[in-house]
Amino acid sequence: MLKIGSLVDGKYRVLNKCGQGGMSVVYMAMNERANKTWAIKEVRKNGVRNFDVVKQGLIVETDLLKRLKHPNLPSIVDVIDGDGSFLIVMDYIEGKTLKDVLREYGPQPQESVIDWAKQLCDVLGYLHSRKPPIIYRDMKPSNVMLKPDGSIMLFDFGAAREYKLSSMEDTTCLGTRGYAAPEQYGGHGQTDPRTDIYCLGATMYHLVTGHNPGEPPYKMYPIRQWNPSLSVGLENIILKCTQENLADRYQSCAELFYDLENYQLVDTRVRAKMFSKFRRFAVTAVLAATFGVGALCLHFMEESERNNTYTACLENAEKSSDTRKTGFLKQAINLEPDRQDAWNELLKEYSRDQIFSSDEDSELQGIMMVTGDRNESNIDAFRSGNPDEYESFCYDVGVLYYYYLESGNGKTQAGTYFAVAKDSGFLQETEPSKVARAERLYEISNYYSRLGMVDSTGDSTISYQEYWDALTRLSAGNLVELDNPTTALLMYQELVGQMVTWTAEFKDAGVTENEMLEQLASMEEHMSMDFDGDLTTAQKDSMATLESAIVQARMAISSAYKTVGNQ
């Protein structure tokens with residue numbers, strides 16, 4: 001063991017012993033040069049069996065923590081591999097473990113437990129968002145430190161692992177009995193983010209009831225059996241977290257966080273379901289008129305609660321970081337798929353960085369295809385329940401795919417959505433410029449699906465003269481007024497890019513050099529006249545890129561038509 005007062009590695013003065021576990025001792029130490037307090041975790045070779053195996057686990061733990069940066073995680077500053085021991089120098093965390101809090105004070109107030117659980121949701125969500133995701137696997141009160149300011153720190157990453165898509169199940173079964181999910185015992189597939197959600201549910205159960213799920217009777221009862229004054233909503237949150245089947249749990253920490261943030265709404269939702277059961281039971285015993293009034297009241301209650309939850313989802317999305325924002329918007333869409341607000345916010349989120357990634361594409365398609373309690377997919381419910389806003393949404397989705405899709409055939413995919421927008425009576429009445437734009441983009445989308453293709457005779461399947469005409473019609477007029485500066489710049493870049501790519505084909509189709517140069521000159525005039533000086537940094541970058549592309553286009557045109565002259 002380290003001696004109090006000794007100097008470790010020439011810089012860490014051991015002040016006192018502050019904790020001891022089954023195979024390690026933790027000391028408080030001072031870096032005298034930096035005048036900062038640290039914790040040193042010591043594991044001695046003669047103190048554990050299979051030290052090499054334990055050491056390998058410690059190396060995994062420290063390597064994981066070194067890559068992570070989160071306010072609820074300790075930082076590793078040094079690893080010292082000595083002859084007789086393995087030392088880890090990390091943040092010194094002042095406070096008590098939640099295990100100690102339970103031992104001293106018993107069951108904790110549900111408001112405190114919910115606050116701690118939200119913080120743990122945040123840090124687990126951060127771990128799960130790493131590439132590859134990190135599964136913690138050992139959530140329990142003894143691994144959570146409560147600091148004097150009420151914030152918590154999660155430590156002890158010895159059981160953590162990186163999620164492997166190729167694995168069918170874990171090679172090692174780690175976790176703590178009572179808190180560990182069924183899949184951690186082997187034979188049930190590999191652990192994933194939902195495993196941590198189970199462990200967090202078991203931890204909440206222990207904190208709010210005072211009953212350790214790892215001790216007899218080794219079962220988690222509904223928490224209100226222990227304390228009827230506890231929230232019905234919190235009871236159902238914990239029950240959902242700790243379902244044996246992974247598919248029946250919360251599917252992400254974002255979903256769990258939302259219900260914790262709004263556990264009173266969960267109370268309302270549960271009570272509405274209880275009332276619904278009572279209504280079905282009593283239907284044979286009441287008069288038809290009474291039943292009609294009851295059903296109407298229930299419908300009003302359910303609609304009111306659904307509307308409140310939908311609004312809360314949007315408010316939480318607005319306040320959340322990027323990693324959780326889409327989770328809240330997805331919840332809102334699943335709840336009310338025929339309302340446009342969440343759909344529109346989701347598209348704004350996807351286009352914010354002007355890159356629509358393949359992951360975001362897959363996520364959007366998945367959200368569209370979710371089947372809710374209306375027995376139809378979200379996108380079908382939107383189409384049937386709110387056709388006008390659905391048509392407007394289709395225009396925006398078409399733009400997202402046409403201009404922002406990072407990989408794949410975005411322009412061809414966009415055609416499906418522009419086909420709806422171009423025939424929209426609602427858009428024709430409210431935003432006719434979008435209908436005209438959709439018609440042209442739909443036309444070009446069809447060209448894109450056939451560019452470079454030839455028929456059985458070896459001839460091109462499209463007319464490049466017609467394609468040129470479509471491109472120039474699309475770029476005509478003041479695009480800033482018709483759309484917005486960002487879209488205008490994208491459309492100009494599109495035209496210039498196609499001029500560079502298909503210069504020879506346009507030339508062979510009869511497009512003259514003068515026509516192409518005039519198009520570039522017209523574009524430059526609009527760039528100087530239509531855009532005001534108040535451009536964002538991204539728009540200024542796009543403008544610079546466009547100016548460079550125009551120079552390249554002039555060179556390509558000059559080269560192509562000079563060749564014709566020499567012939």
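**Group meeting: a walk through one predicted chain**

Let me start with helix α12, residues 378–385, where the buried residues are N378, I379, A381 and F382. They span an arc of only 160° around the axis, so they lie on the same side of α12. That arc is taken from the directions between the helix axis and the C-beta atoms. Buried here means under 20% relative accessible area, with exposed over 50% and partly exposed in between (1.4 Å probe, protein chains only). Helices are DSSP runs of H or I with at least four residues, strands are runs of E with at least two, and both are numbered from the N terminus.

Some background on the model. It is predicted, so local features need pLDDT of at least 70 and side-chain atom pairs pLDDT 80 or more, while totals for chains, interfaces and linings use all residues. Residues are numbered from 1 along each chain as its sequence is written, and side-chain values use heavy atoms, leaving out hydrogens and water.

Now the whole chain. The protein chain has 22 helices and eleven strands, and 46% of its 567 residues are buried.

Next, the sheet. Six strands form an open, antiparallel sheet in the order β1-β2-β3-β4-β6-β5. β1 (7–8) and β5 (76–81) are at the edges with a single partner strand each, so one side of each has no neighbour in the sheet. Pairing requires at least two DSSP bridges between two strands. Between β3 (residues 25–31) and β4 (residues 36–44) there are seven bridges, and V26 has K41 in β4 as its bridge partner.

Last, T486, in helix α19 (residues 485–501). T486 counts as buried because its relative accessibility is 17%.
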